[in-house]
Number of protein chains: 2
Amino acid sequence: MAMSEPWEEDSDPWIVKSVTRTFENAWFVVDTHAVLHPHGAEGDYSVIRPRRHAVGVLPIDAEGYVHLVGQWRFPLGRYSWEMPEGGADPGEPPLACARRELEEETGLKAGTYLPMLEMDLSNSLSDETATIYLALDLTLGEAKPEPTEVLKRNRVPFADVVEKVAAGYIRDSMTVAAILRAHHMAVTGLLPAPLASAMLGHGQGGI
Amino acid sequence: MAMSEPWEEDSDPWIVKSVTRTFENAWFVVDTHAVLHPHGAEGDYSVIRPRRHAVGVLPIDAEGYVHLVGQWRFPLGRYSWEMPEGGADPGEPPLACARRELEEETGLKAGTYLPMLEMDLSNSLSDETATIYLALDLTLGEAKPEPTEVLKRNRVPFADVVEKVAAGYIRDSMTVAAILRAHHMAVTGLLPAPLASAMLGHGQGGI
């Protein structure tokens, strides 16, 4: 196959003939599209459309420790340690959601929010999007988890969290990407030097 | 909220009373569970269960260039530049899927596959899991995309791809995480020194 120009984009090659809502609940809908594929064949394409935009917030304190929350993830049937995350309601700015989730889940307030990443979480099946912030200059208030959330909290050296990502123990895609982006920012001068030094200097594993 | 021991885990706090399959097609099913929440209330939890395990493979050549593929992502209604990705059928080893997808989508064969990441892509809604490899020692064969795939190909300096991740232009969660993990591996001595040097030395932006 020939190489194209870097970042060249095609226009939409799909033809949609009709759309039927085939599932819906409070959290997502499934829209089934009768389509002509780019190569001409008729078919169906069912798209999962979550009702809320995913928001993640990675709190790192001045000592270079990451504040994580742990919970049982029902869809996976597994326990999962992650950064605080939630869903922005339609029209709610992602930053407002990040502030709310951080305070509800950890009791922390952040003086600084840095945008870190924009992601599409599973783009062959769904249109779910995510915005991730780095939260710095932390002060402690009081945690107020929602009644459906049974959360543990922890505070772990950044290097140990990186190790848990590399080992496949921390597996949540938003948390994995956020931790690795924070590492990238720390080693490339995108964070205040004392913070970067605190993040990269702790823990047992060399990072 | 009190701090727990690092990485302490709770056991399953949910009670499932019944399960109904409320949607299915060739790619995923939705199972709706009648549950008792951890706090005791009755409710429903609908879980999206993709039929295939997601596999991604990030090919980086000896000159430190990343080989990407571009395609229109129907669920998003947007064009997307990504690493080669596909789905492993039940029972298919992820590595076999990675080899197949790399060759089908780019024509490349890799002499070395390094496991990079294990992720859960959207753990509040689905049980979709992903395995990501770094593919090195590349040789060129002939690309054989599946008929439903209309792919562009490109070869871009690693530093330029990192910039596109940071800028929010590359947004696919698996590709974002893979690029940042490759950066982490390159700067921490986890890759051969000549390769790391090639990856970190190219492009305009400092990485």
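Guide: Buried residues make up 43% of the 207 residues in chain A. A residue counts as buried if 20 or more other C-beta atoms lie within 10 Å of its own, as exposed if 12 or fewer do, and as partly exposed in between, with C-beta atoms placed from the backbone. This is a predicted model, in which local features need pLDDT of at least 70 and side-chain atom pairs count only at pLDDT 80 or more, while totals for chains, interfaces and linings use all residues. Residues are numbered from 1 along each chain as its sequence is written, and chains are lettered from A and ligands numbered from 1 in the order in which they are written.

Chain A has 4 helices and 10 strands. Both are DSSP runs numbered from the N terminus: helices are H or I with at least four residues, strands are E with at least two. From the N terminus on, the order is β-β-β-β-β-β-β-α-β-β-β-α-α-α.

Now the sheet. Four strands of chain A form an open, mixed sheet in the order β7-β4-β9-β8. Strands count as paired if DSSP finds at least two bridges between them. At the edges stand β7 (85-88) and β8 (108-120) of chain A; each has a single partner strand, so one side of each is left without a neighbour in the sheet. On average, neighbouring strands of this sheet are turned by 30° against each other, direction ignored. Axes here are lines fitted to C-alpha atoms, for helices over the stretch in contact, and angles run from 0 to 180 degrees between N-to-C directions.

Inside the sheet, β4 (residues 53-59) and β9 (residues 129-140) of chain A are parallel and share 6 bridges. One of the paired positions is A:Val57, whose bridge partner in β9(A) is A:Tyr133. Helix α1 (residues 94-106) of chain A lies across β4, β7, β8 and β9 of chain A and runs at about 55° to β4(A).

The core comes next. A nonpolar core is a set of buried Ala, Val, Leu, Ile, Met, Phe, Trp, Tyr and Cys residues joined through C-beta atoms within 7 Å. The largest one has 92 residues, and A:Leu58 and A:Ala177 are among those with the most contacts inside it. Leaving aside residues up to four places away in sequence, A:Ala177 touches residues including A:Leu117, A:Met119, A:Ile132 and B:Ala177. A contact means C-beta atoms, placed from the backbone, within 7 Å.

Chain B can be laid on chain A with an RMSD of 0.0 Å by a turn of 180° and a shift of 0.0 Å along the axis. The two copies are thus related as by a two-fold rotation axis. The superposition is by least squares on the C-alpha atoms of residues with pLDDT of at least 70 in both. B:Ala177 comes closest to the axis of all residues of chain B, at 2.4 Å (C-alpha).

Between the chains, 71 residues of chain B are in contact with 71 residues of chain A. On the side of chain B that touches chain A, α3(B) gives the largest share, 8 residues.

Technical notes:
Two residues are in contact if their C-beta atoms, placed from the backbone, lie within 7 Å.
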